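Hi,

Here's the structure I said I'd pass along. Have a look at it first, and then read on for what I found.

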Amino acid sequence: MREGYRIIDADRHVTEPLEMWKEYLEPEFRDCAPYLGFVGARELPRERLVRLGPRGAVPPTPVLMVMGQPVVHKLSERAQIELALAARRRSGEIADGTRPEAQLRAMDGAGIDVAFLFPTFASYLVSIDTMDAALAGAFARAYNRWLHDYCRTSPDRLRGVGLISLHDPAGMMAELEHVIDFGWKGVVLRPNPVKGRILSHPAYEPFWSACERRGVAVVIHEGAHTHLPTAGADRFETRFALHACSHPMEQMMALLALVEGGVLERHPGLRVAFLEAGCGWLPYWLWRLDEVEYRHLAGEVEEHVRMAPSAYFRRQCFVSAEPDEPLLAQHARFIGEDHLLFGTDFPHLDHEGNLVGQALALQGELGATGLEKMLWKNAARLFGLE
């Protein structure tokens, strides 16, 4: 607790240790456990310095591999160097994500009471479009079992969010039941198409029904450089561009799929959250869907969309806000203060600084009631803590 506010970190991450895969994967899949390897031709340090200049002093970084292929897609050499330098500066935080005791100490230092925990590497392992569905499901199961053991250290404060692979719709149902048996109240999905299916595909309908019926929140969480169809990946090569596009644009299309495909219409009790893209994209997107598309084209989708898209969002959806994003108070008024969440993205490299302090400084803009909702009440409602 900080300054009288209880705080839920609704978007916090673990750092999965590489050795855990051999332990938690089922025996028949252990030969496919990920490992670290190098991509491209090896070169002498002198040659690297000549080719890259001062950046060449940073040694090549091994990348996560599965069956001879890198797990990440289109991560340029320059981007790898920049990330390696950032990782050096924040090596302690990254290490803290691997151990629950260290995670709790970091939460105490920031004043965070409860954290909902999301994957780092595991989400990439279930984001390879060509991967066999059985293997993708095995990675999700192994991660969830490991995270369950991780959270046992302090189950009231460390809350798991189950990872679900979209490769096999039938397998999604089985893993959802495992997650529910753990006592968890949320699952995380990628927004991207998998095997040609977007989130509103009929094959996923039993899953949406089960989440609604069992009171399980669905969190949509993106990450750049996956081997899935991703906004921007058809035209850009740099992390600068791919990261800029993937997070907000994939969230926009995920929300559109859930509205246009009738998922939110058919499941009014389903709770859905959109994380790690800020909230600035949302007012424009809701305005456009309401005033440009629905106003003029409602008849085209009237079987599945029976009210304005913004009404669906305000009925059952949530979005995380970045404390330092511009116009946050105006966005909060437009979106509604009952829908904003706070998350640190700890320990990932693209979020740093005193995010809790920045959030607390918003009291003047959001008011004490609005800030309390963003820091605690909305996430508690999303994940069924109240």
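Let's start with strand β1, residues 8-13: six of its six residues are buried, so the strand is largely enclosed by the rest of the structure. Keep in mind as you read that this is a predicted model.

What does β1 pair with? Its partner is strand β5 (residues 114-118), and the two run in the parallel sense, joined over four bridges.

Helix α5 covers residues 100-110, and its buried residues are Pro100, Ala102, Gln103, Leu104 and Met107. What do they pack against? Both strands from above turn up here: the buried residues of α5 pack against β1 and β5, and also against α4 (91-96), α7 (133-151) and β6 (158-160). After α5 comes Gly111, which has a positive phi, near 85 degrees.

Now for two helix pairs. As a reminder, two packed helices are described by the angle between their axes and the distance between the axes.

The pair α8 and α9

Helix α8 (residues 169-181) and helix α9 (residues 205-214) have axes that come within 10 Å and cross at roughly 20 degrees. With angles under 35 degrees counting as roughly parallel, α8 and α9 are therefore roughly parallel to each other. The crossing of α8 past α9 is right-handed. On the α8 side, the residues that meet α9 are Met172, Met173, Leu176, Glu177 and Ile180, while α9 brings Pro206, Phe207, Ala210, Cys211 and Arg214. Sorted by class, that contact holds eight nonpolar and two charged residues, with no polar ones.

The pair α10 and α12

For helix α10 (residues 239-260) and helix α12 (residues 281-297), the axes come within 11 Å and the crossing angle is roughly 40 degrees. That angle makes α10 oblique to α12. Which hand does the crossing have? α10 passes α12 in a right-handed crossing. From α10, Gln251, Met252, Leu255 and Leu256 take part in the contact, and they meet Trp281, Leu282, Tyr284, Trp285, Leu286 and Leu289 in α12. The contact of α10 with α12 divides into nine nonpolar residues, one polar and no charged.

Cheers

Notes. Residues are numbered from 1 along each chain as its sequence is written. This is a predicted model: local features need pLDDT of at least 70, side-chain atom pairs count only at pLDDT 80 or more; totals for chains, interfaces and linings use all residues. Side-chain values use heavy atoms; hydrogens and water are left out. Axes are lines fitted to C-alpha atoms, for helices over the stretch in contact, and angles run from 0 to 180 degrees between N-to-C directions. Angles under 35 degrees count as roughly parallel, over 145 as roughly antiparallel, 65 to 115 as roughly perpendicular and the rest as oblique. A crossing is left-handed if the near helix is turned anticlockwise from the far one by less than a right angle, and right-handed if clockwise. Contact means heavy atoms within 4.5 Å. Ala, Val, Leu, Ile, Met, Phe, Trp, Tyr, Cys and Pro count as nonpolar, Asp, Glu, Lys and Arg as charged, and the others, Gly among them, as polar. Buried means under 20% relative accessible area, exposed over 50%, partly exposed in between (1.4 Å probe, protein chains only). Two strands pair if DSSP finds at least two bridges between them.
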